[in-house]
Amino acid sequence: MQAKKTTGRMIGGGMLLLFALCGLSACIGSYPLSLPDILRVVTGNAAGEMGERVFFTLRLPRVLTGAAAGASLGLCGGVFQLLFRNPLASPDLVGVASGAGAGAACAIVLGTGSMELVTGGAFLGGMAALLGVFLLVWHSGGNRPGSFILGGILISSLSDAAVMLLKHGADSEGKLAAIEFWTMGSLSAVTASKAAGVCAVCFPCLLLLILFHREIVLLSLGDEQASMLGLSAGKMRLLLLTLATLSVSGVIAVTGVIAFVGLLAPHGAYLLLRRKNRAYLWMSMLTGAILTVAADCFARSVTDGELPLSIFTTLCAAPFLFYFLRTAKTG
């Protein structure tokens with residue numbers, strides 16, 4: 001009972017922190033908006049139309065997209081870590097993010113660059129990368145958790161090479177700049193339609209992943225134990241990985257590749273809860289949203305311009321990876 005109360009307090013505190021960060025993010029920008037201004041806009045008592053236009057067409061879509069993207073990456077990172085039974089499994093290290101980025105870049109160069117086409121390209125690229133990892137692990141004859149990470153690194157390298165090849169053949173003024181955008185991650189190009197698109201892709205996937213929390217936890221015990229409990233391990237793992245890949249691809253199609261959120265958020269959730277259950281998945285989702293929105297606030301505040309999000313998320317990941325290395329060494 002006490003554990004449930006503690007978990008509830010942590011989730012409630014995280015939601016309050018996320019709400020505060022979203023409010024701060026809505027205030028940051030070239031056009032000055034304060035919290036009282038936003039309150040007047042929301043209640044319909046704004047003095048002018050400019051504040052309403054800035055809030056509803058720029059700030060609100062950006063905040064919603066950042067929160068949805070972070071929640072998706074955080075939850076999917078937790079799902080990958082449970083399904084692969086590896087604390088380093090994430091969309092970045094398993095190759096899904098790089099494959100989705102390569103698919104989006106291919107759609108930009110060869111297609112019209114519409115969101116539907118880019119999302120489809122990102123999903124196909126992410127699924128192809130995931131399939132490639134499974135084939136590599138199967139061909140090597142190993143099914144150890146570390147084998148998936150090594151296979152993911154190889155697939156990520158091939159995906160990065162494909163992106164470099166596409167960048168070499170893209171025109172320097174239009175498509176090259178668009179591809180560069182995917183490799184670093186940013187919310188600067190978010191519009192209301194893009195925010196609606198990423199929410200339409202991510203939210204159903206996230207809802208289904210949360211509903212399948214029992215199956216995810218069972219699969220984390222191993223295929224044999226899951227099968228003994230009446231679960232079709234192969235089919236369920238394929239379904240869950242497809243949902244996670246689709247969600248990550250929907251994020252990458254709009255924001256580009258935001259590095260390491262899918263790795264950091266689940267570990268932050270575990271450090272807070274010390275167990276991996278349904279609450280762990282909720283906390284992973286919440287932590288990912290907090291990390292992404294906070295990174296976006298820093299990206300717009302440090303300099304006069306705007307820096308890519310991956311700079312800040314990578315800087316956050318470096319101390320964690322160092323800590324993980326020392327823990328592995330002493331353990």
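The legends below describe close-up views of a predicted model. In this model, local features need pLDDT of at least 70 and side-chain atom pairs count only at pLDDT 80 or more, whereas totals for chains, interfaces and linings use all residues. Residues are numbered from 1 along each chain as its sequence is written, and side-chain values use heavy atoms, with hydrogens and water left out.

**View 1. The largest nonpolar core and Leu 75.** The largest nonpolar core has 101 residues; such a core is a set of buried Ala, Val, Leu, Ile, Met, Phe, Trp, Tyr and Cys residues joined through side-chain atoms within 4.5 Å. Buried denotes under 20% relative accessible area, exposed over 50%, and partly exposed in between (1.4 Å probe, protein chains only). Helix H3 (residues 49-84) gives the most to this core, with 15 residues; helices (H or I, at least four residues) are DSSP runs, numbered from the N terminus. Among the residues with the most contacts inside the core are Leu 75, Phe 80 and Phe 84. Neighbours within four places in sequence aside, Leu 75 is in contact (heavy atoms within 4.5 Å) with Leu 206, Leu 209, Ile 210, Leu 281, Ser 284 and Met 285.

**View 2. Aromatic pairs of Phe residues.** The structure holds 4 aromatic pairs. Rings of Phe, Tyr and Trp (its six-membered ring) pair if their centres lie within 6.5 Å; planes under 30 degrees apart count as stacked, over 60 as edge-to-face and the rest as tilted. Phe 55 and Phe 56 form an edge-to-face pair, at 5.1 Å centre to centre and 80° between the planes. Phe 55 is buried at 6% relative accessibility, while Phe 56 is partly exposed at 41%. The pair of Phe 84 and Phe 134 is tilted, because the ring centres are 6.1 Å apart and the planes lie at 40°. This pair links distant parts of the chain, with Phe 84 in helix H3 and Phe 134 in helix H5 (residues 115-140), 50 residues apart. Ring pairs also join Phe 80, Phe 84 and Phe 134 into a cluster.

View 3. The structure holds 0 disulfides, defined as pairs of cysteine sulfur atoms within 2.5 Å. The sulfur of Cys 22 is 8.2 Å from the closest cysteine sulfur, in Cys 297, and is therefore too far for a bond. Cys 199 is likewise in no disulfide, the nearest cysteine sulfur being that of Cys 202, 7.2 Å away. Cys 22 is buried at 17% relative accessibility, and Cys 199 is buried at 16%.

Definitions and conventions
Helix = DSSP H or I, 4+ residues; strand = E, 2+ residues; numbered from the N terminus.
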